[in-house]
Amino acid sequence: LDYIHRTCGDAEIYFIANRLDRWEETECKFRVEGKVPEVWLPDTGERLPQALYDVDVVEGGTRIPLRLAPHGSAFVVFRTLPERTRLFSLRRNGRPLFPVSSGRVASFPAIDVLPAENNNNAFELHIWTPGKYQLWKMHGRIGWLDVKETPVVRKVPGPWEVRFPKGRGAPEAVSFDKLVSWTKRLENGIKYFSGTATYRKQFDTPAALLKENRYLVLDLGEVRNIAEVILNGEHLATLWTPPFRVNLTGRLRREGNVLEIKVTNLWPNRLIGDQGMPEDGRFTQTNVTKFKKDSPLPESGLLGPVYVMVAGRYVAVF
């Protein structure tokens with residue numbers, strides 16, 4: 001990890017970057033006391049209050065756990081705010097999850113700890129790994145949660161309807177039995193396509209996944225390069241960095257969900273494809289000459305696999 005720090009008025013601001021191509025989880029200690037930490041996400045603009053952190057009364061400073069995606073980054077901002085109820089220690093099956101430095105980890109945590117909405121004394125827990133959880137709260141209170149259910153992983157299978165814009169060389173609509181890079185297709189109009197194509201899929205949701213104690217996430221897997229996610233006509237997110245995930249909790253219907261994913265790639269494939277065409281049949285004009293007709297094609301499109309991931313959702317009050 002690398003970081004920079006600045007003071008801005010009453011705030012202490014740290015920018016932390018993961019320079020590795022893998023998920024990292026660690027406990028970070030900041031030279032800040034008496035202020036409340038928040039994590040600000042630079043790619044979405046979200047400001048996330050922290051419900052799990054500890055103040056070192058002996059050596060000074062504040063410790064918080066951080067999870068960063070491959071090459072991901074975050075701002076940790078300390079400000080003078082009303083302090084919420086927080087946890088300062090977390091264990092699973094007797095082993096500490098915080099405070100501890102884990103290093104390289106899986107793409108999903110064992111548990112997410114969030115402040116509960118509209119209740120300053122409660123916590124919302126998303127649990128991805130079964131086990132017996134022990135939570136230490138401020139002022140010495142201890143809570144227990146025994147989770148036996150395993151998360152549900154439901155793959156969104158093919159076929160996918162994929163629509164391309166008119167007049168750009170690709171067919172207007174085609175069916176993908178499975179998700180592959182556009183460069184793997186036999187149609188030259190798709191193989192060399194650059195621009196935005198829309199993937200469309202209709203599906204139902206089992207009633208068991210729509211219960212209040214479920215937390216649902218759509219995971220797109222690999223995307224080259226940008227994805228706009230639309231569910232039942234509602235724009236949910238524009239994703240351009242891993243993980244390509246969006247929260248689906250409370251947004252799915254029992255029947256007839258319509259998922260649309262608008263995927264945009266980069267320009268090289270069209271420029272490479274045009275090199276093998278006569279000038280009057282090309283789709284682009286450019287003075288960039290770095291690409292030849294035999295240059296390698298960057299992967300493009302929705303590569304997947306696409307999953308609906310379901311974790312346990314609990315509210316802890318103690």
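1. Glu59 is exposed, because its relative accessibility is 62% (exposed is over 50% relative accessible area, buried under 20%, partly exposed in between, with a 1.4 Å probe and protein chains only). Glu59 sits in the loop between strand S6 (54–55) and strand S7 (62–68). Strands are DSSP runs of E, at least two residues, and helices are runs of H or I, at least four, numbered from the N terminus. The side chains of Glu59 and Lys29 form a polar contact of 3.0 Å. Such a contact is a pair of N or O atoms within 3.5 Å; within protein, one must be able to donate a hydrogen and the other to accept it, and residues adjacent in sequence count only if both atoms are side-chain atoms.

2. On provenance: this is a predicted model, where local features need pLDDT of at least 70, side-chain atom pairs need pLDDT 80 or more, and totals for chains, interfaces and linings use all residues. Residues are numbered from 1 along each chain as its sequence is written, and side-chain values use heavy atoms, with hydrogens and water left out.

3. Arg245 belongs to strand S24 (residues 245–247). Arg245 counts as buried because its relative accessible area is 18%. Its side chain makes polar contacts with two side chains: Ser107 at 3.1 Å and Asp219 at 2.9 Å. Beyond neighbours within four places in sequence, Arg245 is in contact with residues including Trp23, Phe108, Val217 and Leu239. Contact here means heavy atoms within 4.5 Å.

4. Lys137 is in strand S14 (residues 131–137). Lys137 is buried, because its relative accessibility is 6%. Residues up to four places away aside, Lys137 touches Thr85, Arg86, Leu87, Phe88, Asn121, Phe123 and Phe318.

5. Helix H2 (residues 268–275) has 7 of its 8 residues buried, so the rest of the structure largely encloses it. The buried set is Pro268, Asn269, Arg270, Leu271, Ile272, Gly273 and Asp274. These buried residues pack against helix H1 (188–191).

6. The second largest pocket has a volume of about 310 Å³. Of its 15 lining residues, Gly221, Glu222, Pro242, Pro243 and Phe244 are the closest to the centre. Strand S21 (residues 222–224) gives the largest share of the lining, 3 residues. A pocket is an open set of points on a 1 Å grid over the protein atoms alone, where a 1.4 Å probe fits, with protein on both sides within 12 Å along at least five of seven lines; lining residues have an atom within 4 Å of a point. Volume is the space filled by probe spheres set on the points, which are joined across faces, edges and corners.
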